[in-house]
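Take them one at a time, and try each before reading its solution.

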Amino acid sequence: MGRSIFTHFLMISNASPRFASSMTCGRDGSRFLRRKETIRSNRLGIGHGAFAGSRCHCSLSVSDPAAPEAPSSSVKKRIVSGVQPTGTIHLGNYLGAIKNWVSLQNAYDTLFFIVDLHAITLPYDSKELSRVTKETAAIYLSCGIDTSQACVFVQSHVRAHVELMWLLSSATPIGWLNRMIQFKEKSRKAGDENVGVALLTYPVLMASDILLYQSDFVPVGEDQKQHLELTRELAERVNYLYGGRKWKKMGGRGGALFKVPEPLIPPAGARVMSLTDGLSKMSKSAPSDQSRINLLDPKDVIANKVKRCKTDSFSGLEFDNPDRPECNNLLAIYQLVTGRTKQEVAKECQDMNWGTFKNVLTDALIDHLHPIQVRYEEIMSDTGYLDRILADGAKKAADIADVTLNNVYQAMGFLRR
């Protein structure tokens, strides 16, 4: 139920949300018309993800930590993010994404959606898709997403996502997509006969997801930088090809068709690691369920997983020792679910043995997840309520998306509907 699409960033730290203030792209229009494009991916330590990019002449540098502040303008800046309804939402999805959304929803205009169209890029169970989509939405709400502050909807319920994707596809050089590392890795594993075209083109859908809503910021993860670059480059390209005076001549207002979004670095906890391997990210695709804490795991399951999780033979507990990745990960999880500072946790746990700490961590996890689990059961027992929330969210989202889509149709010369 939860491969994160727009988040999972950085190693766990005490930082607050930050903006990558120096990601800049040159605006020489002629480069968007070149047939032989190259992806300069070396600048960002490319990975994969939902919003990431391709042939980009961009650099990303992280500013010093700064507390999230409401925009000074009366109009809030906009953020979009989402999670795939695949597998089970686990602690990594929650701490790396959804928990951060709760703090962002008050300061920003936020749209959080279930990206079900992305869930079919690889083989999936069609009988389960609808169910896990609703379960993912219920998880959003049970974790604290407030629909009076944020718009919550299902991606496929807003048809503009697919329509804009097709329009953007016409402006996306195939070379950009061929160089996507995610596609290379998954197609190599699965084989050409088992890989659909959607796996190649889904970065364009991700770009559509962002650009439809004129997003100012996008929470990004280590595995999503490349696709955010693609989104930014594609926005620039379409703005050059069809925006400005060209759009005005078509009867439009002129100017840019799309905002070029900036990356938003989430606060602490963006990269939670596996319970069985402190060097691997906690993932729903890992073969062993023992490697992750699922948000809906019962108390006894949580206790058993923590009891059996991988540790080491060093004495005492400490952060940031490269020889102790499991220790760092477990302490960081404890820090995040208790809300304490790194310094407080380090002082509390420095002389603990693993047996004592595992009991402390188990209690903290159960205490933190119990209210979420109770709220989840309440929401799922009233499916009519959830259906109304998603329908209302889809309508609000469509009202925003249709404006962008109609502008692009006009700028590209389509006959008005």
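**Exercise 1: the surroundings of Y140**

In this predicted model, find the residues in contact with Y140, leaving aside its neighbours within four places in sequence.

Solution. Start at Y140 and list its partners: G82, V83, I98, W101, F112, F113, I114, I145 and V152. Next, look at the rings: ring pairs link W101, F112 and Y140 into a cluster. Finally, step back to the largest nonpolar core, which has 54 residues; Y140 is among those that touch the most other members, together with L91, I98 and F357. Helix α12 (residues 354-380) gives this core its largest share, 10 residues. A separate second core has 48 residues, including L211, L212, L257 and A397.

**Exercise 2: two aromatic pairs**

The structure contains nine aromatic pairs. Work out how the rings of W101 and F112 are arranged, then do likewise for Y334 and F357.

Solution. Begin with W101 and F112: their ring centres are 4.5 Å apart and the planes are at 5°, under the 30 degrees limit, so this pair is stacked. W101 belongs to helix α1 (residues 91-104) and F112 to strand β4 (residues 109-114), so the pair ties together parts 11 residues apart in sequence. W101 is buried, at 0% relative accessible area, and F112 is buried at 0% too.

Now take Y334 and F357. With centres 5.7 Å apart and planes at 80°, over the limit of 60, the pair is edge-to-face. Y334 sits in helix α10 (residues 325-338) and F357 in helix α12, so parts 23 residues apart in sequence are tied together.

Notes:
Residues numbered from 1 in each chain as written. Predicted model: local features only at pLDDT ≥ 70, side-chain atom pairs only at ≥ 80, totals over all residues. Heavy atoms only, no water. Core = buried A, V, L, I, M, F, W, Y, C linked by side-chain atoms within 4.5 Å. Buried < 20%, exposed > 50% of the residue type's maximum accessible area, 1.4 Å probe, protein only. Helix = DSSP H or I, 4+ residues; strand = E, 2+ residues; numbered from the N terminus. Contact = heavy atoms within 4.5 Å. Phe/Tyr/Trp six-rings, centres within 6.5 Å; stacked < 30°, edge-to-face > 60°.
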